[in-house]
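This briefing goes through one protein chain, topic by topic. Keep the sequence and the 3D view open while reading.

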Amino acid sequence: MAEFERAAVLGAGVIGASWTALFLAKGLSVQVYDPAEGAEDRVRAYVAQAWPALEQLGLTERGDPERLTMHRAPAAAVRAADFVQENVPERLEIKHALFAEIEPHLAPEAIVASSASGLMVREMQQGWRDPSRFLLGHPFNPPHLIPLVELIANEATGAGVLEAAEAFYAQIGKVTIRVKREVPGHVANRLQAALWREAIHLVASGVASVEDVDKAVWSGPGLRWAAMGPHMLFHLGAGPGGLDEFCNRYRDSFHRWWADLGAPELTPELAAALAGGVAEEANGRDVSSAAAERDALILATLQATKDLRDR
Ligand SMILES: NC(=O)c1ccc[n+]([C@@H]2O[C@H](COP(=O)([O-])OP(=O)(O)OC[C@H]3O[C@@H](n4cnc5c(N)ncnc54)[C@H](O)[C@@H]3O)[C@@H](O)[C@H]2O)c1
């Protein structure tokens, strides 16, 4: 399959600006459309700020931040692009209006991927005369650092389009998964939601503080989850018998724990209690310094494991 060379980014806020930085780093030309006042300055500032991390990860060898052009019209932004990543606000009428505007101007082989977190592919396909080259390519924030992209295609998707999207994301160093049946939250957000539900329940029922629940994740299973997923980890958790043996040994325990898990409602009172717990945990650090610490830790982890993953 030929390499992708020219990408369009539609909507360059939190997600679109980050995609732009990665696409540029990986040597693509990037044509950006965002109608907001000052969007060009913000995107260029974001790319400049993200570039050192991308360099440290060895992702900029073919990259050139100057290969970015801003466009006043979506039709101009998609012209001759072979891959279009859509990241406009999460409102169906905005996405539909944009798709109607770009569709007549797309290159014949162009693929259009939406970053949408909450909208269904079926709903977004209604904005197309021919939705065969449109699919979901859902990233994790920030897409220039977090490898995962969740892909959703369906019976209206053209032959080979899912595979071509996988090739595109592989070209820019992403890890893709196929979501075979569309469910709210795709896969990764549902997993996050399941864990957070129990984390909240543990706090609300007085089992542990917010800080201790967080510690129990990042210093324990979270470290392992950054290496491997839960099934593979449990496959390694009961000796040479693997996952079969693990299930035999721990079936009853898991059944007892599952039966006892909570289903809290995130009331304003509970949200305030959680915020109070996080304030204690933050211990005077403001949001931007805690975010900088998070990014430094993620970057260091990616750097340290890069060669192991490449093998
Ligand atoms: N923020 C996240 O963590 C996250 C993660 C994964 C996916 N997403 C998805 O990405 C998409 C964008 O989310 P975001 O967080 O970047 O939002 P955002 O509000 O930060 O960015 C949206 C951008 O679109 C621009 N915009 C507004 N109206 C537009 C229009 N009509 N045409 C083109 N651009 C327009 C805005 O100026 C803004 O820059 C959403 O579908 C969201 O669900 C978000």
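In helix α4, which spans residues 92-102, the buried residues are K95, L98, F99 and I102. These residues lie on the same side of α4, because the arc they cover around the axis is only 100°. The model described here is predicted.

- The buried residues of α4 are covered by elements that include β1 (6-10), α3 (74-78), β4 (83-86), β5 (111-114) and α5 (121-125).
- One of these covering elements, β1, is itself largely enclosed by the rest of the structure, since 4 of its 5 residues are buried.

**The chain as a whole**

- The chain contains 13 helices and 8 strands.
- Its C-alpha atoms fill a box of roughly 55 × 45 × 45 Å along the principal axes.
- The radius of gyration is 21 Å, which agrees with the value near 19 Å that a compact globule of 311 residues would have.
- Of the 311 residues in the chain, 27% are buried.
- Among contacts with a separation of 6 or more, 69% are between residues 24 or more positions apart.

**The sheet**

- The open sheet has 8 strands in the order β3-β2-β1-β4-β5-β6-β7-β8, and the pairing is mixed.
- Which strands stand at the edges? They are β3 (68-71) and β8 (175-178); each has a single partner strand, so one side of each is left without a neighbour in the sheet.
- From one strand to the next, the twist averages 25°.
- Strand β1 runs parallel to β2 (residues 29-33), and 5 bridges join the two.
- L10 has Y33 in β2 as its bridge partner.
- Strand β5 runs parallel to β6 (residues 134-139), with 3 bridges between them.
- S114 stands opposite L136 of β6.

Two packed helices are described by the angle between their axes and the distance between the axes. Two helices that pack against α12 are described below.

- Helix α7 (residues 188-204) packs against helix α12 (residues 268-282) at an angle of about 85°, and their axes are 11 Å apart.
- An angle from 65 to 115 degrees counts as roughly perpendicular, and α7 and α12 are therefore described in that way.
- In this packing, I200, V203 and A204 of α7 meet L270, L274 and G277 of α12.
- Helix α8 (residues 210-218) crosses α12 at roughly 70°, and the two axes come within 8 Å.
- That angle makes α8 roughly perpendicular to α12.
- The contact involves V210, E211 and D214 on the α8 side, and L274, G277, V278, E280 and E281 on the α12 side.

**Backbone geometry in the loops**

Most residues other than glycine have a negative phi, and most peptide bonds are trans. The following places depart from that pattern.

- What kind of peptide bond joins N141 and P142? The bond is cis, with omega about -5°.
- P142 is in the loop between β6 and β7 (148-152).
- A80 is not a glycine, but its phi is positive, near 65°.
- A80 lies in the loop between α3 and β4, and counts as partly exposed because it has 13 C-beta neighbours inside 10 Å.
- N283 is not a glycine either, and its phi is positive at about 50°.
- N283 is in the loop between α12 and α13 (287-310), and counts as exposed because it has 8 C-beta neighbours inside 10 Å.

**Residue L243**

- L243 belongs to helix α11, residues 242-260.
- With 15 other C-beta atoms within 10 Å, L243 is partly exposed; a residue needs 20 or more to be buried.
- Leaving out residues up to four places away in sequence, L243 touches H231, F234 and H235.
- How many Å separate the C-alpha atoms of L243 and H105? The separation is 51 Å, and the two residues are 138 residues apart along the chain.

Notes. Residues are numbered from 1 along each chain as its sequence is written. This is a predicted model: local features need pLDDT of at least 70, side-chain atom pairs count only at pLDDT 80 or more; totals for chains, interfaces and linings use all residues. A residue is buried if 20 or more other C-beta atoms lie within 10 Å of its own, exposed if 12 or fewer, and partly exposed in between; C-beta atoms are placed from the backbone. The arc is that of the directions from the helix axis to the C-beta atoms. Two residues are in contact if their C-beta atoms, placed from the backbone, lie within 7 Å. The radius of gyration is taken over C-alpha atoms; the globule rule is 2.2 Å times the number of residues to the power 0.38. Two strands pair if DSSP finds at least two bridges between them. Axes are lines fitted to C-alpha atoms, for helices over the stretch in contact, and angles run from 0 to 180 degrees between N-to-C directions. Angles under 35 degrees count as roughly parallel, over 145 as roughly antiparallel, 65 to 115 as roughly perpendicular and the rest as oblique.
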